[in-house]
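Hi,

Here is the structure I said I would pass on. Have a look at it first, and my notes follow below.

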Amino acid sequence: EDVFTEELAKESLIGREFSYKRSIFTPGAGSYWYDTQKMIVPLTRSGRIELRVCWILFPETWEFVVDTQTGEVLSAVDVSSL
């Protein structure tokens with residue numbers, strides 16, 4: 001079972017500033033959120049591959065990957081700047 005629900009994952013991003021390349025974004029209460037996805041994401045940590053169940057959140061033009069167990073933001077990317 002997820003420790004961080006979809007709602008908790010979204011709430012954990014609100015008011016925090018994220019940057020990617022030259023873009024800066026602070027998700028807020030008025031941000032538009034596209035449909036959330038849930039995925040298994042492979043991470044390499046200390047030379048080992050870990051599989052994490054993550055929320056993929058899409059506020060505005062950004063994509064966030066948030067671990068469902070720890071709430072850790074694994075990735076924050078402005079997809080409009082790719």
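A contact here means heavy atoms within 4.5 Å. With that in hand, and leaving aside neighbours within four places in sequence, K10 is in contact with W33, T36 and L57. Please keep in mind throughout that this is a predicted model.

Let me start with the overall layout. The protein has 1 helix and 6 strands, and along the sequence they come in the order α-β-β-β-β-β-β. Its radius of gyration is 13 Å, close to the 12 Å from the globule rule for 82 residues, so the protein is as compact as a globular protein of that length. The C-alpha trace spans about 35 × 30 × 20 Å along the principal axes. Of the 82 residues, 34% count as buried. Among contacts with a separation of 6 or more, 41% are between residues 24 or more positions apart.

The accessible surface comes to about 5300 Å², and carbon and sulfur atoms hold 51% of that. There are 8 positive and 13 negative charges, and their mean positions lie 8 Å apart.

Now the inside. Which residues make up the largest nonpolar core? It has 11 of them: A9, L13, F18, F25, W33, W55, L57, W62, F64, V66 and A76. At least two residues of this core come from each of α1 (6–13), β4 (48–59) and β5 (62–67), and β5 gives the most, with 3 residues. There is also a second, separate core of 6 residues, and L43, C54, F58 and V65 are among them.

Not counting residues up to four places away in sequence, W33 touches K10, L13, I14, P27, G28, L57, F58 and P59.

For a sense of distance, K10 and S75 are 65 residues apart in sequence and 14 Å apart in space, C-alpha to C-alpha.

F4 comes from the segment before α1. With a relative accessible area of 22%, F4 is partly exposed. F4 and E17 are 13 residues apart in sequence, and their C-alpha atoms are 20 Å apart in space.

Most residues other than glycine have a negative phi. K21, in the loop between β1 (18–20) and β2 (23–25), has a positive phi near 55°. S46, in the loop between β3 (33–45) and β4, also has a positive value, near 50°. How accessible is K21? Its relative accessibility is 60%, so K21 counts as exposed. S46 is exposed too, with a relative accessible area of 80%.

Cheers

Definitions and conventions. Residues are numbered from 1 along each chain as its sequence is written. This is a predicted model: local features need pLDDT of at least 70, side-chain atom pairs count only at pLDDT 80 or more; totals for chains, interfaces and linings use all residues. Side-chain values use heavy atoms; hydrogens and water are left out. A nonpolar core is a set of buried Ala, Val, Leu, Ile, Met, Phe, Trp, Tyr and Cys residues joined through side-chain atoms within 4.5 Å. Buried means under 20% relative accessible area, exposed over 50%, partly exposed in between (1.4 Å probe, protein chains only). Helices (H or I, at least four residues) and strands (E, at least two) are DSSP runs, numbered from the N terminus. The radius of gyration is taken over C-alpha atoms; the globule rule is 2.2 Å times the number of residues to the power 0.38. Accessible areas come from the Shrake-Rupley method with a 1.4 Å probe; for residues, only the protein chains shown count as cover. Lys and Arg count as positive and Asp and Glu as negative; His and the chain ends are not counted. The place of a charge is taken as NZ of Lys, CZ of Arg, CG of Asp or CD of Glu.
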